[in-house]
Amino acid sequence: MLKMDSHIHSEYSSDSSSRIDDILDVATKRNIDIIAISDHNTVDGTSEVLAKTRNTDILAIPSIEISSTQGHILGFGCEENIPRDLSPQETIDKIHDLGGLAIIPHPYCFYRHGLLCKTDYKDLKIDAIETKNARFIVGYCNGKAKNLSKKENIPELGASDAHYWKFVGDCYSLIDAEKDIDSVIKSIKKGKTKVDGKGTSNVLLSKYLFERRVLKKFD
């Protein structure tokens, strides 16, 4: 089984300042085998991480987190930008046209644009959902996603959703796959995954947000 963190943000996301080099350093120290830089509405981070991992032990999967009209969707396996503000199914169709997987991150987290807060999953051709996103306060949203995964046999993933490089690998998936992109995508579709890891410390997360949003204004 390989360790995969499929949802990480870099400095190419407006709400993150993490450099790719720092992300890779933490991933290496935490023995993460597979990562995906899933930046908001851009694949610029994907382009950089693919180049920097070409001759390393870490496999980078192309990815992008797209803002649809009803919430966020990961285009896992996509190397091209997908327009924002399309309907959820239009976004998913674009992802599938590029050979990617439509993964729903933090599906029931209303304050983070969780797609299933506004949209019925039965109306969408989704490929997987996050059932353990490390950025939670009490775990209710993760629990609801876990129940949906079991009820409808939807493949599940765990991810750090790290906007700060120190949180990379807090939560992750264990995946039964070879270390190549096609194998990883096929294994997710077949549900050969298990979520693992921990939630990001709310104390450390609050400290990071305070420093980024408050103290930075006085620099």
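**Close-ups of a predicted chain**

View 1. Asp5 is buried (under 20% relative accessible area, with exposed meaning over 50% and partly exposed in between; 1.4 Å probe, protein chains only). Numbering runs from 1 along each chain as its sequence is written, and side-chain values use heavy atoms, leaving out hydrogens and water.

**View 2. What surrounds Asp5.** Asp5 belongs to strand β1, residues 2-8; strands are DSSP runs of E, at least two residues, and helices are runs of H or I, at least four, both numbered from the N terminus. So what does the side chain of Asp5 reach? The backbone nitrogen of Gly169, at 2.9 Å. Beyond four places in sequence, the contacts of Asp5 (heavy atoms within 4.5 Å) include Ile32, Ile34, Ala159, Asp161, Val168 and Tyr172.

View 3. Glu130 sits in strand β7, residues 128-133, and is buried, with a relative accessible area of 1%. Its side chain joins that of His7 through a polar contact of 2.8 Å. That term covers a pair of N or O atoms within 3.5 Å; within protein, one must be able to donate a hydrogen and the other to accept it, and residues adjacent in sequence count only if both atoms are side-chain atoms. The Glu130 side chain also reaches the backbone nitrogen of His106, at 3.1 Å. Among the other residues that Glu130 touches are Leu74, Ile104, Pro107, Ala145 and Leu157.

**View 4. Two loop residues with positive phi.** Most residues other than glycine have a negative phi. His106, in the loop between β6 (101-104) and β7, has a positive phi of about 30 degrees. Is His106 buried or exposed? At 5% relative accessibility, His106 counts as buried. Asp85 also takes a positive phi, near 65 degrees, and lies in the loop between β5 (72-76) and α3 (88-97). Asp85 is partly exposed, at 48% relative accessible area.

View 5. Asp180 caps the N-terminal end of α5, with a side-chain oxygen 3.3 Å from the backbone nitrogen of Asp182. Within α5 (residues 181-189), the buried residues are Ser183, Val184, Ile185, Ser187 and Ile188. Just after α5 comes Gly191, with a positive phi of about 75 degrees.

**View 6. Stepping back to the chain.** The chain has six helices and 10 strands, and 55% of its 219 residues count as buried. Its C-alpha atoms fill a box of roughly 45 × 40 × 30 Å along the principal axes. Of the contacts with a separation of 6 or more, 66% come from residues 24 or more positions apart.

How values were computed: Predicted model: local features only at pLDDT ≥ 70, side-chain atom pairs only at ≥ 80, totals over all residues. Lys, Arg positive; Asp, Glu negative; His and termini not counted. Salt bridge = Lys/Arg side-chain N within 4 Å of Asp/Glu carboxyl O.
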